[in-house]
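Please look over the sequence and the 3D structure shown here before reading the briefing that follows.

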Amino acid sequence: MNQPVKVGDKIKLTIDSVANSADAVGKYDNFIVFVPFAVPGDEVEVMITEVRKNFSRGNILTVLKPSPFRVEPACKVFGECGGCHRQAVDYTKQLEYKHKIVVNAFKKFPGVKVNKVTAAKEPYYYRNKTQFPADMKQKKLGLYALRSHFVVDVEACPLVSREINNIYAEIRAYLVKIKYNVPTLRHVVIRVTETSGAAVVIFVLKNEDFTKIHEVSSFLRYKFPKLSVLYNINPEDSNIIMGDKHFVYAGDGRLAEKIDKIEYGFSAISFFQTNTSQAKTIFKKIKAWVSGSFEKTALDLFCGVGAISLYIASEFKEVVGVEEMGQAVLDAMQNAKNNGILNCEFLNGRSETMLVKLMKQGFKPSTIILDPPRKGCEQELLNLIAKCAPETVIYLSCDVMTLARDLENLTGHGYKIEEVVPYDMFPMTYHIETLVKLTKRAEALKVEKINA
Ligand SMILES: C[S@@+](CC[C@H](N)C(=O)[O-])C[C@H]1O[C@@H](n2cnc3c(N)ncnc32)[C@H](O)[C@@H]1O
């Protein structure tokens with residue numbers, strides 16, 4: 001294909017849609033141009049920044065005619081900062097675009113209907129955890145620019161909770177006061193909780209020279225006497241934020257959250273759902289799907305601190321959770337104890353290896369729950385699940401492309417997609433959380449019985 005544009009060209013185009021990324025999409029002479037932060041319906045002047053065989057990328061120079069769905073972003077560094085992508089889009093439209101992306105990803109499953117996206121109750125101030133990169137040489141604390149490690153100086157972020165913004169503002173103010181003289185500082189991680197008020201700050205440092213950071217921590221504890229302050233050491237220059245070594249400056253480094261009746265305690269390094277309110281809505285849906293399975297057992301793979309296992313335990317005879325992070329498993333066990341839940345067991349290991357072990361022991365769950373990281377499940381794990389043949393598989397995913405890939409495997413093994421429910425867990429971004437219920441087809445169950 002002859003590309004009609006080259007880097008540096010200034011072109012005019014109309015934006016047609018959004019991609020499953022930070023970008024919106026327009027066409028110039030039938031050639032795709034990805035434009036971040038644009039709104040479908042916008043007429044824009046764009047500067048081309050990259051040209052590939054089948055597509056190009058460009059940045060907005062001017063919005064010539066705004067889309068009717070364009071709204072004023074709440075944040076003054078929107079578009080400069082890469083932390084979110086759709087603040088300029090009317091919220092109802094954001095949900096419609098997300099729905100379309102899930103529908104497209106599910107086109108390979110003819111006849112499967114995708115429910116409307118469940119909106120967030122609060123599309124702003126919803127994150128309970130955020131990692132702010134620091135650039136001490138450039139005297140900046142903020143968030144990365146899109147697809148870059150350039151730190152954009154950010155005063156406050158309307159996506160993160162107000163508590164995080166309060167703590168962040170004090171850290172920033174102190175750094176300004178001492179002229180950003182903390183050469184070892186790389187990241188500031190802040191986690192807060194809605195129901196207990198517990199909060200943790202983790203300063204990620206290049207090395208164990210604590211002289212300067214102690215000063216910041218001491219000020220922070222003076223401002224927030226109950227705050228836990230931890231240091232994490234990460235000497236590596238990589239995309240992984242935290243290293244393996246931790247030090248406690250103050251506090252117990254613990255967080256606590258309550259979802260309905262279940263109280264969760266967890267360490268500052270364990271995973272917990274980032275949008276607590278939407279997590280509750282999702283957990284409720286899962287519980288409704290499995291309700292009354294009192295004679296049956298469930299297996300919760302990628303269980304973290306036991307969030308889903310404990311929430312649905314009342315519906316099963318037994319729930320087994322599997323998690324590879326040792327600390328999260330300890331948290332899950334403690335959570336079961338603290339909530340007086342006696343029918344949950346938590347195992348430390350990789351889902352792939354633990355399922356083999358459990359199957360060898362004759363464990364036969366009627367429901368398997370999957371909530372893997374963005375990259376989805378290993379195909380080997382999905383093949384094992386098919387062999388294990390639970391009646392129901394519930395898959396919670398934060399990446400609809402890896403989800404669709406994994407569902408191809410399960411449907412290929414005789415599972416039927418019953419319901420697809422997208423949730424807006426991360427408003428103002430392109431990210432979509434999708435919950436899917438699958439059941440084993442009757443014919444597949446029959447074949448299994450004959451083979452048994
Ligand atoms: C998206 S989180 C889900 C946690 C939990 N379901 C919840 O709702 O809080 C994914 C979890 O899987 C864990 N994990 C990642 N790879 C794993 C693997 N191969 N086997 C078991 N756990 C894994 C991570 O440590 C993390 O706790």
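**Strand 18 and its neighbours**

Aspartate 300 has isoleucine 369, in strand 18, as its bridge partner; helices (H or I, at least four residues) and strands (E, at least two) are DSSP runs, numbered from the N terminus. This is a predicted model, in which local features need pLDDT of at least 70 and side-chain atom pairs count only at pLDDT 80 or more, while totals for chains, interfaces and linings use all residues. Residues are numbered from 1 along each chain as its sequence is written.

**Pairing**
- Strand 15 (residues 297-301) and strand 18 run parallel and are joined by 4 bridges, where two strands pair if DSSP finds at least two bridges between them.
- Strand 18 is also joined by 4 bridges to strand 19 (residues 392-397), again in parallel, and threonine 367 has threonine 392 in strand 19 as its bridge partner.

**Burial**
- In a regular strand the side chains alternate between the two faces of the sheet.
- Strand 18 (residues 367-370) is covered on both faces, with Thr367 and Ile369 buried on one side and Ile368 and Leu370 buried on the other; buried means that 20 or more other C-beta atoms, placed from the backbone, lie within 10 Å of the residue's own.

**Crossover**
- Strand 18, helix 8 (residues 379-388) and strand 19 form a right-handed β-α-β unit, which means that, with the strands pointing away from the viewer, the path from the first strand over the helix to the second runs clockwise.

**Domains**
- The protein is divided into domain 1 (10-70), domain 2 (102-121 + 273-451) and domain 3 (129-257), with bounds that come from an automatic or database domain assignment.

Conventions. A residue is buried if 20 or more other C-beta atoms lie within 10 Å of its own, exposed if 12 or fewer, and partly exposed in between; C-beta atoms are placed from the backbone.
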